[in-house]
Amino acid sequence: MPDKEETPSFLKRAGTDKLREVFLKYASLQRDEEQYMTSEDFVRRFLGLFSEAAFNDDSVRLLAGIADTSKDGLISFSEFQAFEGLLCTPDALYRTAFQLFDRQGNGNVSYADFADVVQKTELHSKIPFSLDGPFIKRYFGDKKQRLINYAEFTQLLHDFHEEHAMEAFRSKDPAGTGFISPLDFQDIIVKVKRHLLTPDVKDNLVAVTEGHKVSFPYFIAFTSLLNNMELIKQVYLQATQGNRSEPVTKDQLLYAAQTMSQITPLEIDILFQLTGTVQQTGRIDYSDLSNIAPEHYTKHITHRLAEIKAVESPADRSAFIQVLESSYRFTLGSFAGAVGATVVYPIDLVKTRMQNQRAGSYIGEVAYRNSWDCFKKVIRHEGALGLYRGLLPQLMGVAPEKAIKLTVNDLVRDKLSDKRGNIPVWSEILAGGCAGASQVVFTNPLEIVKIRLQVAGEIASGNKIRAWSVVRELGLFGLYKGARACLLRDVPFSAIYFPTYAHTKAMMADKNGYNHPLTLLAAGAIAGVPAASLVTPADVIKTRLQVVARSGQTTYTGVWDATKKIMAEEGPRAFWKGTAARVFRSSPQFGVTLVTYELMQRLFYVDFGGTQPRGSESHKPANTLESAGSGTQDHIGGYKAAVPLLAGVESKFGLYLPRFGRGAATATPGATTGS
């Protein structure tokens, strides 16, 4: 599937032939009749990283060395393929970092290897780490001759930054008082824990101290909180029983955190201090945690066909940008609606014929015993194409219908949501009702044409009825016949459907709030069941008003007249005719429509500075490597994860490499990679 989200541990290996084709496209050096990639071929041309003219040679060679296991400065096809396989392993992030430090390619990391890479990082240039201290000796021995294997290296890397933070604290507290100033606290966190900072946290590092000196326990708790934000999210979800929009108090979170020994009351205090400086409230919800949580190297690798940033920030959203956003949603909604309607159109035709079938009429016995009987008879007498009679006008109507419905619902939800993106249930119902009302103006004419074409096959006649002839017969006002019943059906349908879909989708999201396409399909289908079934009486009335009554059949003058006559002549059960067909049509149709609509927004991503569908976030990191390089169609198999994983080496472990070097006279080893 084009939008299949895959985590690195579940990436499918690329085929050898396709991988070789990609390799040869970028390999620029031939030696002994074999093609090789140079460091620049691999890092700059293939991965798209360090694209500046004044790039840092050492950084490029270090990154290329991850794939260059022979350490000869060149990457052969076998090495290229082997690294692609490594990227598909469950622990690809740690293995990638290990190969960065394994400078000799012998499967071990020596002290010299470790020191060489650490000394090249920006962090070491800003706050030098003692490479001759007790921490290093505990891992490499007093004489620093011990070799570290992969499993041991993962623990070394985990502990290294915590030790670096404590060493930085000691350097700011030479007198050993156990306190540092707020500005020193800010300086350490920004330099040592840069990879764990979001803009909200970074901007409030001094404010959270309230001007007081920072103690060592507070410092350790603060860094531990940043490290454990994913665990904090799980504690929150436990406290709210999975509800991501329910605000919780400090006491509620403390109670839920009792089962997590890693979370201390001091960390909870700091969490509420931090969210208080950002949101000015005494409660927090999941969006607060997302705003201050460290951005991970990757949660899901989303393959996008287009990615456009229309505005730099939400503050730049002008009226014109908002109109563009609605136009974008309208276009995607049109396509999604057409796909959904085509998939379920045969069911819709059966539903219409069942609802138009009248008991006790002059014509005599009923034509169809049930929906399945109707389906078989249509194929027998009209052929398979008979199931798609009237599809063209339906598609002409569905495109604006679904587009308007989806666009208006999103628009009203945006307007009624608070700054955190949360929306009360009554606002969700109102947004859905507005969406349902808006579509009637445009779709009632096409709906009546569709219905008359669908029932035309029931009449054995030599004259073929066409859409244009129906339009001419009805006239402008006739096209809106049954509009009141249409409103009576569509307003409650959408008011029920959209809130149900939103809550069902949230319930089916994974622990990170992400929705797989199958959960979107399921949520859309489930929400369609109550919405479609409960408004069936209005749909029956609308169908009777819009269909031309044949000789001897009852005619209706309006909604109330139809209601009375149907009740009197056929009883209350007549109002529920076609319920099964309607549910089986509406439920999968909206499931297909909504999954298509949301996947299209993921594939053709445009950032208008507004909201995106919940559950679609790819949690892409805001760091240098990710922003410098983006996936291309040549990033196949494991290489789909290459750029996010290399970004993860930076963002998870803080191993930022200098970006500039060649030709940059003013560049320093500590130049930020985000420059």
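Reader: Is Tyr480 buried, partly exposed or exposed, and what places it in that class?
Author: In this predicted model, Tyr480 is partly exposed because its relative accessibility is 36%. Buried means under 20% relative accessible area, exposed over 50%, and partly exposed in between, with a 1.4 Å probe and protein chains only.

Reader: Where is Tyr480 found?
Author: Tyr480 lies in the loop between α21 (467-478) and α22 (483-508). Helices are DSSP runs of H or I with at least four residues, numbered from the N terminus.

Reader: A point on conventions: how are residues numbered, and which pLDDT values are needed?
Author: Numbering starts from 1 along each chain as its sequence is written, and side-chain values use heavy atoms, without hydrogens and water. Local features of this predicted model need pLDDT of at least 70, side-chain atom pairs count only at pLDDT 80 or more, and totals for chains, interfaces and linings use all residues.

Reader: Turning to Gly528, which helix holds it, and is it buried or exposed?
Author: Gly528 belongs to helix α23 (residues 517-534). Gly528 is buried, as its relative accessible area is 0%.

Reader: Which residues is Gly528 in contact with, leaving aside neighbours within four places in sequence?
Author: With those neighbours left aside, Gly528 contacts Tyr497 and Ser587; contact means heavy atoms within 4.5 Å.

Reader: And how far apart are Gly528 and Arg585?
Author: Gly528 and Arg585 are 57 residues apart in sequence, while their C-alpha atoms are 9.1 Å apart in space.

Methods
Helix = DSSP H or I, 4+ residues; strand = E, 2+ residues; numbered from the N terminus.
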